[in-house]
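Hello,

Here is the structure I promised to hand over.

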Amino acid sequence: AADAAADPFRGPDAFAAANPFGAAGRSTAANPFAKADDAAGDNPFAPRRAARPTVGADAPPKLALLGRGLGIFGSYAKVLVVDDHPVAWTQFGPLSAYPRAMRLRELYPQLPDAPLPAVITCIATTRDARRQGHAAHLVRVVCDDLAARGFAAVESYPARGVAEDATSAATPEFWVTAGFAMAVEDGRFPVMRREL
């Protein structure tokens, strides 16, 4: 029979005998320098990450959906507050967070595949705060934020022919005033794009 120290594949006891760096009382160790009471996946040389923000399990469905990427991407929304009153709101994020936007983009093969853009899916202003430039200001802030996160472009997908209060995606004309260009002309769902 072969010596246990020469054959580390024979079993846990043989491994312990063959691994002089293994912690006492531990038959296998992913980290040969780990202490016996360390967690199996603990790496003492890796930097410790701060706890990521989360959304509670009892959150509304939309908030829970947006909260999935909170720790990776950061916030997916901004609210503009003037004199302690919210006046405008926007929702945005990576394209991968919005399956509907990804499907819409598939309709237009002329759009660039890489790098994938961020998207602004919603922009809204309270009725009393309209026509004061709040939404355009909020879009500029979001574009600066997305550029700082490493995105090269941002897109929006407004709908044509809908009433102002019936859409949260604004109009193509609004996006032009916010510095976007018509990337794809379409009678119903044009694509507006801004390079960052």
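I started with threonine 90, which lies in strand 2, residues 85-94. Keep in mind that this is a predicted model. Threonine 90 has a relative accessible area of 1%, so it counts as buried. A polar atom of its side chain lies 2.7 Å from the backbone oxygen of cysteine 122. Cys122 is also among the residues that threonine 90 touches, leaving aside those up to four places away in sequence.

Glycine 150 follows helix 5, with a positive phi near 100°.

Next, the largest pocket. Its volume is about 490 Å³. Strand 3 (118-125), helix 5 and helix 6 (172-177) each give two or more residues to its lining. There are 19 lining residues, with Thr125, Arg131, Glu164, Ala170 and Phe174 nearest the centre. By type, the lining divides into seven nonpolar, eight polar and four charged residues.

Alanine 170 deserves a look at its backbone. It is not a glycine, yet its phi is positive, about 65°. It sits in the loop between strand 4 (153-156) and helix 6. Its relative accessible area is 16%; the cut-off for buried is under 20%, so alanine 170 is buried.

Aspartate 84 also has a positive phi of about 65° without being a glycine. Its place is the loop between strand 1 (77-82) and strand 2. Aspartate 84 is exposed, at 73% relative accessible area.

One more backbone point: the peptide bond joining alanine 114 and proline 115 is cis, with omega about -10°. Proline 115 lies in the loop between helix 4 (99-106) and strand 3.

Last, valine 191, in strand 6, residues 191-195. It is buried, with a relative accessible area of 0%. Its C-alpha atom is separated by 7.2 Å from that of proline 158, 33 residues apart along the chain. Not counting residues up to four places away in sequence, valine 191 touches several others, among them Tyr108, Leu111, Tyr157 and Met182.

Best wishes

Terms used
Residues are numbered from 1 along each chain as its sequence is written. This is a predicted model: local features need pLDDT of at least 70, side-chain atom pairs count only at pLDDT 80 or more; totals for chains, interfaces and linings use all residues. Side-chain values use heavy atoms; hydrogens and water are left out. Helices (H or I, at least four residues) and strands (E, at least two) are DSSP runs, numbered from the N terminus. On a 1 Å grid over the protein atoms alone, a cavity is a set of points where a 1.4 Å probe fits but cannot get out, and a pocket is an open set with protein on both sides within 12 Å along at least five of seven lines; lining residues have an atom within 4 Å of a point. Grid points are joined across faces, edges and corners, and a volume is the space filled by probe spheres set on the points. Ala, Val, Leu, Ile, Met, Phe, Trp, Tyr, Cys and Pro count as nonpolar, Asp, Glu, Lys and Arg as charged, and the others, Gly among them, as polar. Buried means under 20% relative accessible area, exposed over 50%, partly exposed in between (1.4 Å probe, protein chains only). A polar contact is a pair of N or O atoms within 3.5 Å; within protein, one must be able to donate a hydrogen and the other to accept it, and residues adjacent in sequence count only if both atoms are side-chain atoms. Contact means heavy atoms within 4.5 Å.
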